[in-house]
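Trainee: I'd like to learn how to read a fold like this one. Can you take me through it feature by feature?

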Amino acid sequence: MNTDADIAPSPDLMSRGDTGLLVIDVQEKLVPWIVGSRRVVWNVRRLIDGATIFGLPVEATEQYPQGIGPTVPELAQRLGPVSSKLTFSCLGCPEIFRKWQERGLHRILVCGIETHVCVQQTVLDLLSQGWRVYVAVDATGSRRLIDHRTALYRMDAAGAVLTTTEAALFEWCREAGTPEFRLISQLVKEKPPSEPV
């Protein structure tokens, strides 16, 4: 029988040594229009907190902040400098990806809004550049559910890996019984926000 030391992890799994978290355009004037916005922001925040626990690099963007406003305060206080862009795709901020390539990263977990615009265009561009791309489906959102769902189908068909916030947190953690696991467990046990009807 194989011991734990004999088992190599799947190449499909993210790890804290090869993954960056990209937070796309979670901005004040757009968030209120997003279906399930409170839960999307809550999940993005938990991903940022989890990435911080594991030392993953986190980058964020803002689409035309002069018009759409800054990143929502709950997230902005957890982020460093945020890159602004006019292109819908985050490849309009090439310094993010150059920096990550220099660190040896080859996987990116994407979250943010809107799923069918900036998230989808970023994911498709990153895939074409050779990145392994993961999308946290419960930490993305659009103004209309049909756009959100269709974009997820399209990104999945193009080769992105669809996942959830909780799955990503445990994937970065890999094992129980560690100090990081205890912190991640607290994030996982948080009660989700209720949405207005």
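Mentor: Let's start in the loop between β1 (19–24) and α1, where D25 sits. Keep in mind that this is a predicted model.

Trainee: What is the phi of D25?

Mentor: The general idea comes first: most residues other than glycine have a negative phi, and most peptide bonds are trans. D25 isn't a glycine, yet its phi is positive, about 55 degrees.

Trainee: Is D25 buried or exposed?

Mentor: Buried, with a relative accessible area of 1%. Now look at R174, in the loop between α7 and α8. R174 isn't a glycine either, and its phi is positive at about 75 degrees. This residue is partly exposed, with a relative accessible area of 40%.

Trainee: And the peptide bonds? Which residues does a cis peptide bond join?

Mentor: I113 and E114, with omega at about -15 degrees. You'll find E114 in the loop between β4 (107–113) and α5 (115–128).

Trainee: Now a helix. Which residues of α8 are buried?

Mentor: Helix α8 covers residues 179–189, and its buried residues are I184, S185, L187 and V188. Look down the axis of α8: those buried residues fall within an arc of 160 degrees, so they line one face of the helix. On the other side of α8, P179, Q186 and K189 are exposed.

Trainee: What do the buried residues of α8 pack against?

Mentor: They pack against two helices, α1 (37–54) and α7 (165–173).

Trainee: Let's zoom out. How many helices and strands are there in the protein?

Mentor: Eight helices and six strands. Along the sequence they follow the pattern β-α-β-α-α-β-α-β-α-β-α-β-α-α. The radius of gyration is 16 Å, close to the 16 Å that the globule rule gives for 197 residues, so the protein is as compact as a globular protein of that length. Along its principal axes, the C-alpha trace spans about 60 × 40 × 30 Å.

Trainee: How much of the protein is made up of buried residues?

Mentor: Buried residues are 48% of the 197. For contacts, take those with a separation of 6 or more: residues 24 or more positions apart account for 81% of them.

Conventions: Residues are numbered from 1 along each chain as its sequence is written. This is a predicted model: local features need pLDDT of at least 70, side-chain atom pairs count only at pLDDT 80 or more; totals for chains, interfaces and linings use all residues. Side-chain values use heavy atoms; hydrogens and water are left out. Buried means under 20% relative accessible area, exposed over 50%, partly exposed in between (1.4 Å probe, protein chains only). Helices (H or I, at least four residues) and strands (E, at least two) are DSSP runs, numbered from the N terminus. The arc is that of the directions from the helix axis to the C-beta atoms. Contact means heavy atoms within 4.5 Å. The radius of gyration is taken over C-alpha atoms; the globule rule is 2.2 Å times the number of residues to the power 0.38.
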